[in-house]
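Look at the model first, then read the points by topic.

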Amino acid sequence: MSRMLHLGLGNFFRAHQAWYTAAAGGWDIAAFTGRSPAVADALNAQGCRYTLITRGPSHDTDQELTLAAAYPGADDAAWLREWAAPDLAVVTLTVTEAAYRPGPLPRRLAAGLTARRDTNGGPVTLISCDNLPGNGTVLARLITQEADPALREWIAANVSFVDTVVDRITPASTPADGTAVVTEPFTEWVLAGDFPAGRPAWEEAGARFVDDVAPYEQRKLWLLNGGHTLLAYVGSLRGHITVASAVADPYCRGLLEQWWDEADARLPEAGVYRTSLLERWSNARIEHRLAQIAADGSVKIPVRIVPALLRARAEGRLPRPAVELLAAWTRHLRGESVPVRDTAAPTGAVPVVLRSLDERLAADEELVAAVFGAL
Ligand SMILES: NC(=O)c1ccc[n+]([C@@H]2O[C@H](COP(=O)([O-])OP(=O)(O)OC[C@H]3O[C@@H](n4cnc5c(N)ncnc54)[C@H](O)[C@@H]3O)[C@@H](O)[C@H]2O)c1
Ligand SMILES: O=P(O)(O)OC[C@@H](O)[C@@H](O)[C@H](O)[C@H](O)CO
C-alpha cells in the first residue's frame, strides 16, 4: 500500500481529500494537526475512525472512514519519520490561507523534505488544498525561499508541486458532532501537475486532471468564495448567522447578484455555476456560519474580491457591493458584527489595514473615500 501524508487534520481534509482517497482505494493516509493535539487525540481514541455525514437538503448519508495514523502537530519525530518513509508519494495540505507566509509552515515542510533527501526517500508530490490562486506555485515559492542551496537543488530534481481547485462546503463542527464531520453532497477537485511517485486514482471519485486550473480557480474563488465573503460581512451586520439565512435575505441576495454580474464577466459557464451555488447555499440543513468565513479577511479579500474590483476600477466603475463589503469588513474588525479573528489585521488597525490591503487599492482615493463614507 502506498502512503499519503497530510498536514492540517481539520474538517475539510476529512470531507474532501480523505474521501477521494478512500474512494480510489489502495492508499493510506497519515495526518498531522497544525498544532493542537485535540483532533488527533480524539481520533486515536477510536482507532482513527470517523463518520462523514453528507447532509443533503432532505436527508443525511453516513460513511465510516479510517486514517492510517493521526498525529498532533508537535510530534516532530513522527513528522520526520513519515517524510522519510520510502512508500510516501503524495503530501496534501489544508492549513488555511493565512499560513502561506515565511515562517513556521515552510520551515516545517523544509525539515520534512530534508529528512526525505537524507534518507534517499525519492520523489514526492506536494498538493496545497487551500483556497489560494496558484496554490501549488505559491507553496513551491515559499519552500524554495526557506531551503538552503543544496536542498533547493534536491527539490528541483525530486519534488513536484501541483495546483488544485478544491470545493466542498464543510462547516466547522459543533460540540454535538464529536469527531463526525458534516459536509454537503457537492464536491469538486481539479488538479494540474505531475505525480512522479504515483497517486491514488482520485478520478474514480470524479477528480479531474487538467493542464491548467486557472479558469476553474477564478470561477470558484471569485464567485463562490467571493460571494461567501460578501455575505459574511454584510450578512453578519444585518444579523444573519449562517450562509443559508443571509442568502435568503433579499438585500444580501441583491448585492450578491450585483457582485456576481461584476465578477463573472468572461468566466466560463458562469450562469450555470451561479444557479448551482444558490441551490447549494439554500440547503439550510448545512449550518455554515458566517463567522467562520469572516475569519482572516485580510488574506481572503485580496484573493476573492480585489482582482474583479481592480478590473472594474480600470474600466471606470466603482461597484457598490465591493464598497459595502469593505465597509462591513472594517466594521467587523472593530468588533461590530461577529467575533474578530484575523491573523494579519488585529482590531484597532482598521484604516491602516484598508489602506495597506493592496497597494493598488490604497492608491485609489475615490474607492477609499467611498468605503469610509459608507461606514
Ligand atoms: N471548510 C471548507 O469548506 C473548505 C473548502 C475548500 C477549501 N478549504 C480550505 O481548507 C482550509 C481548512 O479548512 P478546514 O475546514 O479544514 O478548517 P479547520 O479549522 O477544521 O482545520 C484547519 C487545520 O489547519 C491547521 N492549521 C491552521 N494554521 C496552520 C498553520 N499555520 N500551519 C499548519 N497547520 C495549520 C489547523 O491546526 C487544522 O488542523 C481552509 O482555510 C481552506 O483554505 C476549506
Ligand atoms: O474555508 P475558508 O476559510 O478558506 O473560506 C470559507 C469558505 O468561503 C470556504 O470554506 C468555502 O466554503 C469552500 O471554499 C467551499 O469549497
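The outward face of helix α11 carries the exposed residues Gly271, Val272, Thr275 and Glu279. This face is turned away from the buried side of α11. The model is predicted.

**Helix α11**
- Helix α11 runs over residues 270-281 and has 12 residues.
- From first C-alpha to last, α11 reaches 16 Å, close to the 16 Å expected at 1.5 Å a residue.
- The buried residues of α11 are Arg274, Leu277, Arg280 and Trp281.
- Seen down the axis of α11, these buried residues fall within an arc of 125°, so they line one face of the helix.
- An α-helix has 3.6 residues a turn, so residues three or four places apart point the same way.
- The cover over the buried residues of α11 includes α8 (214-237), α9 (243-247) and α10 (250-263).

**Nonpolar cores**
- The largest nonpolar core has 61 residues.
- Leu9, Ile29, Ala31, Ala70, Leu126 and Ile143 have the most contacts inside this core.
- Ile143 is in contact with Pro106, Leu109, Ala110 and Ile155, leaving aside its neighbours within four places in sequence.
- Another core, of 39 residues, lies apart from the largest one; among its residues are Tyr233, Val234, Ala322 and Ala327.
- In soluble globular proteins, nonpolar side chains tend to be buried together.

**Gly56**
- Gly56 lies in the loop between β3 (49-55) and β4 (60-66).
- Is Gly56 buried or partly exposed? Gly56 is partly exposed, because 13 other C-beta atoms lie within 10 Å.
- Gly56 and Val138 are 82 residues apart in sequence. In space, Gly56 and Val138 are 34 Å apart, C-alpha to C-alpha.

Technical notes. Residues are numbered from 1 along each chain as its sequence is written. Chains are lettered from A and ligands numbered from 1 in the order in which they are written. This is a predicted model: local features need pLDDT of at least 70, side-chain atom pairs count only at pLDDT 80 or more; totals for chains, interfaces and linings use all residues. Helices (H or I, at least four residues) and strands (E, at least two) are DSSP runs, numbered from the N terminus. The expected span of a helix is 1.5 Å times one less than its number of residues. A residue is buried if 20 or more other C-beta atoms lie within 10 Å of its own, exposed if 12 or fewer, and partly exposed in between; C-beta atoms are placed from the backbone. The arc is that of the directions from the helix axis to the C-beta atoms. Two residues are in contact if their C-beta atoms, placed from the backbone, lie within 7 Å. A nonpolar core is a set of buried Ala, Val, Leu, Ile, Met, Phe, Trp, Tyr and Cys residues joined through C-beta atoms within 7 Å.
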